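My notebook is open and I'm going through this protein piece by piece. Here is what I looked up, in the order I got to it.

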Amino acid sequence: MLFSITAPAQTDINVNNKNIIRVGGDVIVLPNQVVENAIAIGGDTTIGEGARVTQTAIAIGGDAILEKGVRVDGDVYAVGGEIIAQPGATIGGTSGTVLEDGRWGMYGSRRRGADGFFFVRYLFGSAFHLLNVAIGAIIGVLILLWRPNFLLTLAAIISQYPLASGLWGLGGMFAVILLVIVLAVSLIGIPLLPLVGLAVAITALVGTLGVALWLGQRSLKAPGRSPVQQFLLGMLILALIGLIPVLGGLVLSVANIFGFGAILAWLLGRVRPQVVA
């Protein structure tokens with residue numbers, strides 16, 4: 001499952017000596033600087049050497065990077081990225097990642113930068129991708145055996161209402177981003193970020209399973225082929241696409257958007273597809 005979007009134009013929601021909140025770019029806390037909150041939406045949050053954050057450090061769609069000697073008194077979260085803490089960095093509150101390794105969200109500039117270990121990262125990323133596909137295939141087969149009409153309905157929505165699926169997916173994606181922004185800037189909402197991420201991950205995963213079934217139906221039209229066979233073929237196609245550097249991720253992002261939109265359109269009762277078992 002891969003869910004990535006293009007970062008919006010850079011916007012500073014609130015920048016002063018104590019709070020740095022930026023949409024569509026990286027947040028950098030200078031070495032030895034003291035701030036209350038450092039929040040990047042669509043970029044990395046980098047806390048410079050010896051700096052201190054008295055409340056929260058959050059990266060949404062990027063990495064939370066804590067350099068040497070950094071002290072964060074509160075919580076550290078990375079949504080769609082990693083927490084990279086160098087030796088001597090301390091976190092006083094809780095920390096965690098939601099949909100790590102870019103499985104949802106935007107990429108910060110550091111992620112796009114050159115990496116001398118690209119080949120090693122590619123191998124590990126590919127292995128993780130294939131593991132995700134295998135888990136998704138198992139879940140999809142179980143759903144087909146238990147409630148076959150569910151995935152068949154999602155595939156029918158994508159086939160019969162492609163425009164609506166895409167628009168609902170984009171709209172839902174931006175609604176999630178707005179929700180995350182509201183939670184991120186509210187101290188009482190920060191603990192809810194992992195729950196929101198989990199809900200989005202499950203929804204996107206199930207929606208992508210519907211996309212896989214649709215792909216299998218389009219590719220395997222021979223009479224007598226079962227939905228399970230078609231679904232597994234679709235998952236194989238997605239697995240192979242995901243192994244293509246950069247382009248594969250973009251294609252899977254589109255698949256996630258359409259699957260996410262199909263789920264939303266179905267849940268809200270906006271479309272009524274004709275399902276052919």
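I started with the inventory: the protein has seven helices and 14 strands. Helices (H or I, at least four residues) and strands (E, at least two) are DSSP runs, numbered from the N terminus. I noted that this is a predicted model, where local features need pLDDT of at least 70 and side-chain atom pairs count only at pLDDT 80 or more, while totals for chains, interfaces and linings use all residues. Residues are numbered from 1 along each chain as its sequence is written, and side-chain values use heavy atoms, with hydrogens and water left out.

Next, the overall numbers. Of the 277 residues, 46% count as buried (buried is under 20% relative accessible area, exposed over 50%, partly exposed in between, with a 1.4 Å probe and protein chains only). I also looked up contacts, meaning heavy atoms within 4.5 Å. Among those with a separation of 6 or more, 43% join residues 24 or more positions apart.

Then I turned to strand E3 (residues 19–23). Five of its five residues are buried, so E3 is largely enclosed by the rest of the structure. Side chains in a regular strand alternate between the two faces of the sheet. I checked both faces of E3: Asn19, Ile21 and Val23 are buried on one side, Ile20 and Arg22 on the other. What does E3 pair with? Its partner is strand E5 (residues 34–41), in the parallel sense, over five bridges; pairing takes at least two DSSP bridges between two strands. Asn19 sits opposite Asn37 in E5.

On to helix H3 (residues 148–160). Buried residues in H3 include Leu151, Leu154 and Ile158.

Last pair: helix H6 (residues 227–242) and helix H7 (residues 247–267). Their axes come within 7 Å and cross at roughly 140°. That makes H6 oblique to H7. I wrote down the contact residues: Leu238, Ile241 and Gly242 in H6 meet Gly248, Val251 and Leu252 in H7.

I also picked out Gln230, which is in H6. Is Gln230 buried or exposed? It counts as buried because its relative accessibility is 11%. Leaving out residues up to four places away in sequence, Gln230 touches Ala212, Leu213, Gly216, Gln217, Leu220 and Arg225.

Terms used. Axes are lines fitted to C-alpha atoms, for helices over the stretch in contact, and angles run from 0 to 180 degrees between N-to-C directions. Angles under 35 degrees count as roughly parallel, over 145 as roughly antiparallel, 65 to 115 as roughly perpendicular and the rest as oblique.
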